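Hello,

Here is the structure I promised to pass on to you. Have a look at it first, and then read on for what turned up in it.

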Amino acid sequence: MIRENSLSSRLFDYGNHLFLAGFALLCLLPLIHIFAVSLSGRGPANGGFVSFWPLDFTLENYDQVIGSQVFLRSLFISFQRVVLGVSLNMALIVLCAYPLSKSPLVFRGRNVLIWVFVFAMLFDGGLIPTFLVVRSLGLLNKLGALILPGAVPIFSVILMMNFFRDIPRELEESALIDGASHWRVLWHIYLPLSLPAIATLTLFAAVGHWNAWFDGLIYMTDSNNYPMQTYLRTVVVELDLTRVGVTPQELLRLSDRAIRGAQIIVATVPILVVYPFLQRYFISGIRLGAVKE
Amino acid sequence: MLLKAGLAKRHEPLRAYLGRSWPLYAMILPGLLFILLFRYLPMYGVIIAFQDFSPAKGFAASRWVGFDNFDFLFSLPEFSRIFSNTLIIAVLKLALDQLGAIVLALLINEARNLVFRRSIQTLIYLPHFLSWIVLGGILLDILSPFGIVNNVVRALGHEPQLFLGSNDWFRITIIGSSLWKGVGFSTVVYLAALTAISPTLQEAAAIDGAGRFRRIWHIILPGIRPTVVLLAALSLGDVLQAGFEQILTLYSPAVYRTGDIIDTYVYRVGLVSAQYSLAGAVGLFKSVIGFFLIVASYWLADRYAGYRIL
């Protein structure tokens with residue numbers, strides 16, 4: 001490590017630390033503000049008096065949110081979506097990546113199939129045709145509409161494929177010579193060696209499913225089927241509560257600033273819970289060849 | 001060696017080959033079906049752009065109208081507006097995000113205390129993982145006329161501003177908030193590149209009397225040049241991605257002039273007003289340009305940075 005002791009260099013160090021700390025704080029402050037609002041009484045919250053510390057501290061806003069049928073229902077739909085959607089994603093990623101990681105000698109047709117996958121990633125049929133397809137399959141208002149259209153994340157398949165390719169060939173060859181099937185090779189050799197990659201992709205898929213809202217907005221014509229983020233949109237962004245079928249009383253309650261804050265915080269908690277794991281893995285995710293996303 | 005093991009015989013009879021290799025096809029089949037259904041079928045569905053599509057008749061029976069939808073689209077005053085809004089917002093976002101990420105990564109790299117570095121990284125990556133609904137809800141609250149930002153503006157003796165409702169501010173707010181969400185995470189790639197720069201090279205330079213800023217200029221910056229080139233090439237593929245989810249969350253009719261982009265227009269025309277063919281035409285226009293941009297960006301990335309996805 002190089003030691004710098006010149007005055008200009010030390011001044012730079014102070015300034016640099018200060019700047020970085022300030023920027024990091026800037027990333028956190030809006031969340032802290034909303035958190036403070038969500039813990040404040042209705043009066044100070046609506047009046048805009050709360051900054052970064054709750055005024056008239058109360059947990060009532062959270063009681064209201066947890067007690068709201070609409071909110072709980074959307075939360076449940078989101079949980080279902082994450083569990084089923086991520087399981088399907090991961091199963092398909094692994095099952096597609098394994099054959100595609102083989103040479104065309106071992107897996108005839110591999111070079112054609114990889115282009116079928118890559119072209120599907122590069123060319124987008126677009127919002128309207130995709131919507132029409134999903135609708136004509138009868139998926140509107142079904143959980144399937146949130147899970148099936150994105151069941152194969154092609155970029156992740158390619159990352160996984162590249163990861164599989166780095167696994168030493170000798171391991172699988174000796175297993176195949178001993179009479180193991182490809183199923184066994186995948187299950188007993190490839191999967192155990194790919195756990196970091198699988199963990200990375202699983203976490204990213206889970207965050208993606210949890211955060212998704214646009215598909216809920218277009219595929220769920222009945223707002224009772226909204227996943228949490230889509231529901232949240234009607235409450236905190238659109239402020240159109242007629243869409244979520246609540247009584248005028250509940251409407252007033254749920255659109256209250258402090259309660260909006262509480263709902264935002266509840267929606268964020270699962271991300272904060274998995275965030276330490278995410279952080280541990282996404283550096284290795286980058287090494288897999290991912291640039292972003 | 002492979003031949004002896006019977007793993008890859010070039011002229012092996014099909015029956016024997018399949019007897020051993022059928023699991024590979026069984027594995028890929030479900031994923032392939034999903035892709036055909038949800039990626040390729042919509043590609044076929046782009047034909048609605050050349051039809052007077054009616055849902056009752058479906059893709060096959062709707063009336064063909066040639067390029068009428070496109071003629072109509074190009075004659076609309078909205079068209080040049082959404083196209084230029086998309087380009088302006090997307091390009092500014094990409095440029096500022098990359099520039100900001102490089103500077104931020106260099107600064108983090110200069111901070112020597114490891115605990116401090118880790119904490120900074122933890123905090124600045126976080127907004128990337130929050131949805132635009134959550135961040136949009138926060139922004140709508142803090143930027144509202146009586147939100148915390150305008151409280152500060154008032155305290156400083158200025159008039160409160162409509163950051164999301166005025167055409168003077170909308171793009172700035174959009175680009176600024178997108179930067180705020182993403183620039184921290186964008187440093188990940190550069191920080192990875194920075195750790196790969198040889199410390200001995202830097203120590204040698206220090207011994208030869210190079211100060212901190214000369215080391216940054218002559219060793220560190222050249223060291224991350226390939227990464228900069230790569231990301232610049234890849235970002236070409238994104239110049240029509242102005243941030244659909246963000247803008248749909250934050251915009252309103254008052255700011256269509258500066259903030260309406262191709263994607264939001266497609267959504268409104270197609271799914272809110274159900275003019276499928278017109279929206280399909282806009283969408284196809286974007287898909288085709290987007291396709292060539294991505295192909296060009298991968299070509300450039302391969303040519304100038306040796307990056308291949310396959």
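One convention before the findings: angles between axes under 35 degrees count as roughly parallel, over 145 as roughly antiparallel, 65 to 115 as roughly perpendicular, and the rest as oblique. Please also keep in mind that this is a predicted model.

The axes of helix 4 (residues 69-100) of chain A and helix 8 (residues 154-165) of chain A come within 8 Å of each other, and they cross at roughly 50°. Helix 4 of chain A and helix 8 of chain A are therefore oblique to each other, and their crossing is right-handed. On the helix 4 side of chain A, the residues that meet helix 8 are A:Ile93, A:Val94, A:Cys96, A:Ala97, A:Tyr98 and A:Leu100. Their partners in helix 8 of chain A are A:Ser156, A:Val157, A:Met160, A:Met161 and A:Phe164. Sorted by class, this contact between the two helices of chain A has ten nonpolar residues, one polar residue and no charged ones.

Now for chain A as a whole. Chain A has 15 helices and zero strands. Of its 293 residues, 43% count as buried. If you take the contacts in chain A between residues at least 6 apart in sequence, 66% of them join residues at least 24 apart.

Chain A is divided into domain 1 (7-58) and domain 2 (64-287). The C-alpha centres of these two domains of chain A are separated by 32 Å. Eight residues from domain 1 of chain A and seven residues from domain 2 of chain A take part in the contact. On the domain 1 side of chain A, helix 1 (7-38) and helix 2 (42-47) each supply at least two residues, and the largest share, four residues, comes from helix 1 of chain A. By class, that side has four nonpolar, three polar and one charged residues.

A:Asp56 has a positive phi of about 50° although it is not a glycine, and A:Asp56 sits in the loop between helix 2 and helix 3 (60-66) of chain A. Because A:Asp56 has 15 C-beta neighbours inside 10 Å, this residue counts as partly exposed. A:Asn141 is not a glycine either, and has a positive phi of about 65°. You will find A:Asn141 in the loop between helix 6 (127-136) and helix 7 (144-147) of chain A. With 13 other C-beta atoms within 10 Å, A:Asn141 is partly exposed.

On to chain B, which is divided into domain 1 (10-64) and domain 2 (76-305). The C-alpha centres of these domains of chain B lie 35 Å apart, and the contact takes six residues from domain 1 of chain B and five residues from domain 2 of chain B. The domain 1 side of that contact in chain B has four nonpolar, one polar and one charged residues.

Finally, how do the chains meet? In the model, 77 residues of chain B are in contact with 73 residues of chain A. Helix 2 (residues 14-45) of chain B gives the largest share of the chain B side, with 16 residues. By class, the side of chain B that touches chain A has 53 nonpolar, 17 polar and seven charged residues.

Best wishes

Definitions and conventions. Residues numbered from 1 in each chain as written. Chains lettered and ligands numbered in written order. Predicted model: local features only at pLDDT ≥ 70, side-chain atom pairs only at ≥ 80, totals over all residues. Domains from an automatic or database assignment. Contact = placed C-beta atoms within 7 Å. Nonpolar A, V, L, I, M, F, W, Y, C, P; charged D, E, K, R; others polar. Buried ≥ 20, exposed ≤ 12 C-beta atoms within 10 Å, placed from the backbone. Axes fitted to C-alpha atoms, helices over the stretch in contact; angles between N-to-C directions. Left-handed = near helix turned anticlockwise from the far one by under 90°.
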